[in-house]
Amino acid sequence: RNFGDLRGQLYLDVRQRYGDFFAEGFAPPNGETWPDFRIRVKLAWSKVLAAAKGLDKQRQPGKAEPALVVVTHGLVLRAMVDAHFGAAGANSQGNFTNTSVTAVRITSGDEVTVERMNDASHLSSAVVGPDGVPRTDADDAPPLDDPLLR
């Protein structure tokens with residue numbers, strides 16, 4: 001969401017001046033209202049769907065299924081989940097963990113099957129070596145054993 005003039009300010013300062021700046025009715029000065037934000041997210045979702053449909057043309061027998069990776073912020077993901085993920089979205093509450101993975105399969109008819117939601121399990125394996133000893137050097141981090149990354 002575009003928070004306009006509030007960008008770059010501390011949450012504490014903004015909260016003291018404006019109260020709950022995530023509230024549904026709050027419009028940041030020179031920023032984006034929630035309805036405007038949701039319209040922008042809806043447009044982004046339509047682009048995700050179009051790109052996902054294009055993957056079907058790339059399928060090849062005996063080859064890995066083509067995948068689309070979308071990297072976004074938590075508020076955008078929250079809006080997408082709430083509007084487009086059906087029952088899984090209705091059952092999902094709260095914020096998304098930084099660097100979490102949400103994986104979905106989009107089927108014909110634009111239906112969404114959620115395979116993973118707000119999964120941050122990769123974070124623990126990225127900081128602990130195969131010997132169980134925490135690592136401090138990212139270059140030597142063990143490979144992630146994640147089927148989505150294969």
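This report covers the confidence, fold elements, helix packing and cores of a predicted protein model.

**Basis and confidence**

Residues are numbered from 1 along each chain as its sequence is written, and side-chain values use heavy atoms, with hydrogens and water left out. Because the model is predicted, local features need pLDDT of at least 70 and side-chain atom pairs count only at pLDDT 80 or more, while totals for chains, interfaces and linings use all residues.

The score pLDDT is the predictor's confidence in each residue, from 0 to 100. Its mean over the protein is 80, and 81% of the residues reach 70 or more. Confidence is highest in helix H1 (residues 11–18), at a mean of 92, and lowest in helix H5 (residues 121–127), at 68. Over residues 139–150, pLDDT stays under 50. The model has 18 contacts beyond four places in sequence for that stretch; contact means heavy atoms within 4.5 Å. Where pLDDT is low, the predicted coordinates should not be read in detail.

**Elements**

The protein has five helices and two strands. Helices (H or I, at least four residues) and strands (E, at least two) are DSSP runs, numbered from the N terminus. Their order from the N terminus is α-α-α-α-β-β-α. Of the 150 residues, 25% are buried. Buried means under 20% relative accessible area, exposed over 50%, and partly exposed in between (1.4 Å probe, protein chains only). Among contacts between residues at least 6 apart in sequence, 38% join residues at least 24 apart.

**H2 against H3**

The axes of helix H2 (residues 34–55) and helix H3 (residues 74–84) come within 10 Å and cross at roughly 75°. That makes H2 roughly perpendicular to H3, a term for angles of 65 to 115 degrees. Axes are lines fitted to C-alpha atoms, for helices over the stretch in contact, and angles run from 0 to 180 degrees between N-to-C directions.

H2 brings Trp34, Phe37, Val41, Lys42, Ala44 and Trp45 to the contact; H3 brings Leu75, Val76, Ala79, Met80 and His84. These residues divide into nine nonpolar, one polar and one charged. Here Ala, Val, Leu, Ile, Met, Phe, Trp, Tyr, Cys and Pro count as nonpolar, Asp, Glu, Lys and Arg as charged, and the others, Gly among them, as polar.

In H3, the buried residues include Val76, Ala79 and Met80. Just after H3, Gly86 takes a positive phi of about 60°.

**Cores**

A nonpolar core is a set of buried Ala, Val, Leu, Ile, Met, Phe, Trp, Tyr and Cys residues joined through side-chain atoms within 4.5 Å. The largest has 14 residues; those with the most contacts inside it are Phe37, Val41, Trp45, Val76, Met80, Val81 and Phe85. H2 and H3 are the elements that give two or more residues to this core. Its largest share, six residues, comes from H2. Apart from this core lies another, of five residues, among them Phe3, Val14, Phe21 and Phe26.

Beyond its neighbours within four places in sequence, Phe37 contacts Arg1, Glu32, Leu75, Val76 and Ala79.

**Two exposed positions**

Ala87 lies in helix H4 (residues 86–91). Asn98 sits in the loop between H4 and strand E1 (101–106). Ala87 is exposed, with a relative accessible area of 56%; Asn98 is exposed too, at 66%. The table gives their C-alpha to C-alpha distances to two other residues.

| Pair | Apart in sequence | C-alpha to C-alpha |
|---|---|---|
| Ala87 and Val112 | 25 residues | 9.7 Å |
| Asn98 and Asp119 | 21 residues | 9.9 Å |

Methods
Parallel < 35°, antiparallel > 145°, perpendicular 65-115°, else oblique.
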